[in-house]
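Visitor: Could you take me on a close look at the aromatic pairs in this model, and then show me what surrounds them in the rest of the chain?

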Amino acid sequence: MHLSARLDLADVPPGSGGDVVALLDITAPRQEAGADRPPATLQVVLDRSGSMGGGRLDGAVRALLDLVDRLDPRDHLGIVTFNNQARVEVPAGPLTDKEAVRRRIRALRASGGTDLSSGLLRGVQEARRASGDRGATLLLISDGHANQGVTDHARLAAAARDAYGHGVTTTTLGYGLGYDEALLGAISDGGAGSALFAEEADTAGQLIAGEVDHLLDKAVQAASLRVRPAGPVGAVAVIGELPATRMPDGSVMVELGDFYGGERRRVLLRCVLPPTAGTGRVPVAEVEVGYADPATLASHTVALRVEADLGGADGAGGHAPDPEVRTELAFQQAQTAKREASEALRRGDRPSAAATLAAARAALAARRPGGADAPAGAAPELDAQVAELDALAAAALHGDANRTAKAAYASQHGATRHRGRYQAGLADGGPPVPPPPPAPGGPGGGRTGAAGRARGGAAPVPPPPPAASAPPRGAADAPGAAAASGGTDAGRLRASLEGLSVGDAFGQRFFRPESKGLPPDALPPAPWAWTDDTEMACSVADVLLRHGRVDQDALAEAFAARFDVGRAYGGGALELLERIRAGAPWRAAAAEQFGGSGSYGNGAAMRVAPLGGYYAGDPARAAAEAARSAEVTHTHPEGVAGAVAVAAAASAAAGEPAADPAAALDAAIAHTPRSRVRAGLESARALLGRSAGEAARELGNGARISAPDTVPFALWAATVHARDLAAAVRCCVGAGGDMDTTAAIAGGVVGARVGVDGIPPAWRAAREPLPAWLG
């Protein structure tokens, strides 16, 4: 652990008393590449009361099925459910029989009341039994208010605090708009975990997957901060919303919980100096961070003596303000404003909530670069916070008060307790707040054509800018329009499909334990089975070859008739395709997904590169047909934009194989409507020449299963390794995340450029044959 401090003494005149504000930076070490991690223990406590019936429980079931795929067999998983009483569905233990666990999850049904306390306490027992002294994470998911058993907030928080004392960190996920955010927040504070908010099923799945990602990357366990007054300082206190306990000796204790590799937290302290403090360098605080190494369970302590120079440093007998500390103070005050606004909204006081948020917004805006002594490099974080406060203030006055209260509470909790995770969520999806009126409510999303494996999660994704829309179609809608737009190329379609399927199958192998740790140039054991990525791409290719265009009815029929549950389809895809197979109109079924907002997942993008190859050299036509192909399953503009970008890139690459590789990325940018996908593509263009690790950190690696999180990096890899399919695919696998999908997209685009002969024969031989029905 790295620990550092900086001080602001502007309010301490030389020779007088006053408050010294200290900013502590605490950063966890990064995990060594390739290092074996210890087995993780995750205990899920799931509300199965009557209010969870229908889509909510179904969404939780899909998320848990994905979670089972994400964990290794040596990891421990337990599932406790509760309604009127708690029930152990899956005893906590190693995941040696994943199929048995999946069957138990699929059998869950909702009924009864909400005895949250019984579920929490039984889950803690299971977590402690399974983890021993290695520690565990408990994830409590509920959509309602505790109405049976123990319902007192303080007692339930104390139960979580006691569990944390025995190594169990508790995170809560409030699901829907009916839960009690104050209760779940108190429990997560007691358990030193996160307080998450998901209005709908897809966001819940993303957040659950994100918590699992952090669990698997845990570098520091059970960290605590202890601050003691030193020298003339009479008292110390924590500034902001971070829960702290004052100890009998006057020190302050803060339970920080677990850190993932490289995670950074910031803590503000107020140290009270008496008038007799004097001048010169004096100690003001003794700081200790204690923690355990999750790999060895060895305990460690990092100590720091914080000293202040009370002599005056600005040449006028006083001290200049420290921009870094002052900006952090404004940031923490903004988090307090969010909590206060949430409380005001719960009691029906909209004007007070909006005024509190607006005042915090003004104070924080003054800290932006160009404002009052703003620190260098602060712009991205400050801009995101200011935008978030703007949206919250507007929603507080005119939006859904309940939704806004929950969003404000979850935001302040994340920014206070888990700063690094919160910032990662902003980088991926923007502020986790409801859109300002009159924009529609927060969208659903997630992948409908995606394999259910490594899945990440973050803050809810805001709607795209108003101008986002599918490209114009015009004559592209008409049968026979392909010939009018310059012809088609079945050979490039086939080459792209070969590249896509090889990338998909290669990436899929790396979700299997036996493929991890292979030498860099080694190939995983054959045969390589392809997934839903390839199965759906084959249907796209088949429809194009038979109809010369995207016949949406034929494509929907093909998807529904051919889907094979053994190809690792995601839960959303299975639900949609089963409905279509049963006779539901595909337009209505796709539009009704995720509360009527449609899917913005990466499924439409993963299957579409061969379409770009088919319309080689005509990215405009490819973009229009890609939009039509996406709409069969993905009606959200971001889902459509992901497909458009991949098809345009593949078309440009196939049409001019010898051209500058960046031209294909430029074509994708030019033909993709304004959206988060397009913004990601523009960032990808600026990152050419940077390392894959840097690109993945900036653009995402598909772990959040959305089109914006997947397509920019996949096309970055296809551009950087434009003429080397093996390198492009390995690049995607090396970045982690949704490896089969990013590798499928990159393989499909590179395959369209290099042709079948440019795909390594050994890779094609290792991949299982494509379906016989494709011809």
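Guide: Happy to. A search of the whole structure, which is a predicted model, turns up seven aromatic pairs. Let us begin with Phe 506 and Trp 528: their ring centres are 5.3 Å apart and their planes stand at 70 degrees, so this pair is edge-to-face. Phe 506 belongs to helix H13 (residues 490-509), while Trp 528 sits in the loop between H13 and helix H14 (532-547), so the pair ties together parts that are 22 residues apart in sequence. Both Phe 506 and Trp 528 are buried.

Phe 506 has another partner, Trp 763. Here the centres lie 4.5 Å apart with the planes at 20 degrees, so the pair is stacked. Trp 763 lies in helix H29 (residues 761-766) and Phe 506 in helix H13, so this pair ties together parts that are 257 residues apart in sequence. Trp 763 is buried, as is Phe 506.

The charged end of Arg 265 sits over the ring of Phe 259, at 3.9 Å from its centre. Likewise, Lys 406 lies over the face of Tyr 179, with 4.8 Å to the ring centre.

Now for the nonpolar cores. The largest nonpolar core has 99 residues, and the members that touch the most others are Leu 611, Val 646, Leu 681, Val 711, Leu 715 and Trp 716. Helix H22 (residues 637-655) is the top contributor to this core, giving 12 residues. A second, separate core holds 46 residues, including Phe 197, Leu 392, Ala 393 and Ala 405. As background, nonpolar side chains in soluble globular proteins tend to be buried together.

Finally, let us step back to the whole chain. The chain contains 29 helices and 15 strands, and 60% of its 775 residues are buried. Among contacts with a separation of 6 or more, 77% join residues 24 or more positions apart. The chain exposes about 26,700 Å², of which carbon and sulfur atoms supply 52%.

Terms used
Residues are numbered from 1 along each chain as its sequence is written. This is a predicted model: local features need pLDDT of at least 70, side-chain atom pairs count only at pLDDT 80 or more; totals for chains, interfaces and linings use all residues. Side-chain values use heavy atoms; hydrogens and water are left out. Rings of Phe, Tyr and Trp (its six-membered ring) pair if their centres lie within 6.5 Å; planes under 30 degrees apart count as stacked, over 60 as edge-to-face and the rest as tilted. Helices (H or I, at least four residues) and strands (E, at least two) are DSSP runs, numbered from the N terminus. Buried means under 20% relative accessible area, exposed over 50%, partly exposed in between (1.4 Å probe, protein chains only). A charge sits over a ring if NZ of Lys or CZ of Arg is within 6 Å of the ring centre and within 35 degrees of the ring normal. A nonpolar core is a set of buried Ala, Val, Leu, Ile, Met, Phe, Trp, Tyr and Cys residues joined through side-chain atoms within 4.5 Å. Contact means heavy atoms within 4.5 Å. Accessible areas come from the Shrake-Rupley method with a 1.4 Å probe; for residues, only the protein chains shown count as cover.
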